[in-house]
Amino acid sequence: MESFHISATGHSLNYLPQYIAQRHGFFAEHNLHVTISVPSPWDNVLVDLANGTADAALGGIWVPSMYRNRGKNYTAFAQVANRCPLALLKKGSAKGWKLDVSNMQGKAVLMKSGNGASVGLFFKMLLRENGIDPNAVHYVQDLEGAMLRELFEGGMGDYFVIDIVTARRMAAQNPDVSVAMEMATDGDEIPWSVYYNESANFTPVVKDKQRRFCIALQKATDWVLDHDAEQYKDELADLFPAAPAETLVELTNMYRRNGMWTTPEVARYGFDRWQKGLADGRLIEEPFDYEDIVIQVS
């Protein structure tokens with residue numbers, strides 16, 4: 001079989017179709033031996049692409065957007081996650097809460113920043129989309145998630161943006177904290193996690209491997225969508241041993257219902273929306289056209 005190595009920015013439930021394709025032999029059916037690594041720091045995925053160690057990086061499409069015409073060009077050829085896997089925690093009850101000016105203006109929001117800029121960029125985009133000036137909100141976003149969790153539970157800030165698994169665990173363990181918003185449900189479509197490589201590397205041979213990768217990923221996505229997570233609870237627990245199995249089942253089924261997993265094709269609507277968010281966040285000068293960043297290989 002041909003090797004296909006993925007250098008990923010993390011290990012996450014929203015990557016589930018990739019893990020299913022690997023574990024259930026869907027990649028092997030298409031003559032691909034897929035391996036995965038998670039380098040530290042996360043931006044070493046770009047080093048892995050540059051030295052040929054990786055066939056693809058897995059992470060946010062904001063990275064290819066940010067680098068476009070700035071020294072290196074990267075092209076995305078597939079998508080695995082179509083929703084943001086974050087949640088917004090708040091102090092006190094979330095009953096009747098909504099994302100509006102009255103609840104956010106002047107408040108302090110803690111946001112982890114260990115894996116890049118996407119958390120802050122996405123949340124500030126949500127604020128703008130809901131009529132809230134991001135400059136009217138205060139942020140603490142230069143610390144790791146574990147430290148911010150301790151500080152939030154110790155009294156710092158009004159809100160905390162963190163992954164949904166951790167958010168649910170915190171709310172279950174702390175009666176003074178509640179989940180105000182889960183962005184996989186209420187955050188609309190976004191190409192949160194995509195596969196990309198240096199644009200110069202897209203030879204016919206490479207594109208054929210990518211095509212077969214996408215076919216297998218689609219089969220795994222369909223498998224996940226067709227099976228209630230309770231049926232493979234043990235497999236989820238094996239993949240994510242630190243999280244309660246029941247929470248993994250609940251979140252997987254929530255992701256299935258809410259469009260986290262669709263097709264390997266990068267969705268144009270989500271792409272255009274995210275490009276506006278990246279431009280408004282000053283990561284890029286102006287939105288790129290879909291074809292500037294994305295190629296169809298399937």
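Is F77 buried or exposed? F77 is buried, with a relative accessible area of 3%. Buried means under 20% relative accessible area, exposed means over 50%, and partly exposed lies in between, with a 1.4 Å probe and protein chains only.

A word on the source. This is a predicted model, in which local features need pLDDT of at least 70, side-chain atom pairs count only at pLDDT 80 or more, and totals for chains, interfaces and linings use all residues. Residues are numbered from 1 along each chain as its sequence is written, and side-chain values use heavy atoms, with hydrogens and water left out.

Start with the aromatic rings. A search of the whole structure finds 19 aromatic pairs. Rings of Phe, Tyr and Trp (its six-membered ring) pair if their centres lie within 6.5 Å; planes under 30 degrees apart count as stacked, over 60 as edge-to-face and the rest as tilted. F77 sits in strand β4 (residues 74-81) and Y195 in strand β10 (residues 193-198). The pair thus links distant parts of the chain, 118 residues apart. Helices (H or I, at least four residues) and strands (E, at least two) are DSSP runs, numbered from the N terminus. Y195 is buried too, with a relative accessible area of 0%.

Now move to W97 and Y159. Their ring centres are 6.0 Å apart and their planes meet at 55 degrees, so this pair is tilted. W97 lies in the loop between β5 (86-91) and α4 (101-104), and Y159 lies in strand β8 (residues 159-163), so the pair ties together parts 62 residues apart in sequence. W97 counts as buried at 14% relative accessibility. Y159 counts as buried at 4%.

F77 and Y195 also belong to a cluster. F4, F27, F77, Y195, F202 and F213 form one aromatic cluster.

Strand β10 also holds E198. At 15% relative accessibility, E198 counts as buried. Leaving aside residues up to four places away in sequence, E198 touches L49, A50, K72, N73 and Y74. Contact means heavy atoms within 4.5 Å.

F4 of the aromatic cluster is also one of the residues touched by K209. K209 is in helix α9 (residues 204-226). K209 counts as buried, at 12% relative accessibility. Its partners, not counting residues up to four places away in sequence, are E2, S3, F4, L32 and D55.

L239 is in helix α10 (residues 233-239). At 11% relative accessibility, L239 counts as buried. L239 touches H11, L16, Y19 and R23, again not counting residues up to four places away in sequence. The C-alpha atoms of L239 and D176 are separated by 30 Å, and these residues are 63 apart along the chain.

Next, the helix contacts. Two packed helices are described by the angle between their axes and the distance between the axes. Axes are lines fitted to C-alpha atoms, for helices over the stretch in contact, and angles run from 0 to 180 degrees between N-to-C directions. Angles under 35 degrees count as roughly parallel, over 145 as roughly antiparallel, 65 to 115 as roughly perpendicular and the rest as oblique.

Helix α5 (residues 118-129) packs on helix α12 (residues 268-280) at about 100 degrees, with the axes 9 Å apart. The two are therefore roughly perpendicular. From α5, S118, L121, F122, M125, L126, R128 and E129 take part; α12 supplies R273, W274, G277, L278 and D280. These residues divide into six nonpolar, two polar and four charged. Ala, Val, Leu, Ile, Met, Phe, Trp, Tyr, Cys and Pro count as nonpolar, Asp, Glu, Lys and Arg as charged, and the others, Gly among them, as polar.

Helix α7 (residues 164-173) packs on helix α11 (residues 245-257) at about 130 degrees, with axes 11 Å apart. α7 and α11 are therefore oblique. I164, V165 and R168 of α7 meet E250, L251, M254 and Y255 of α11. The contact has five nonpolar, no polar and two charged residues.

Helix α6 (residues 145-154) packs on α7 at about 30 degrees, with axes 13 Å apart. That makes α6 roughly parallel to α7. R149, F152 and E153 of α6 meet T166, M170 and Q173 of α7.
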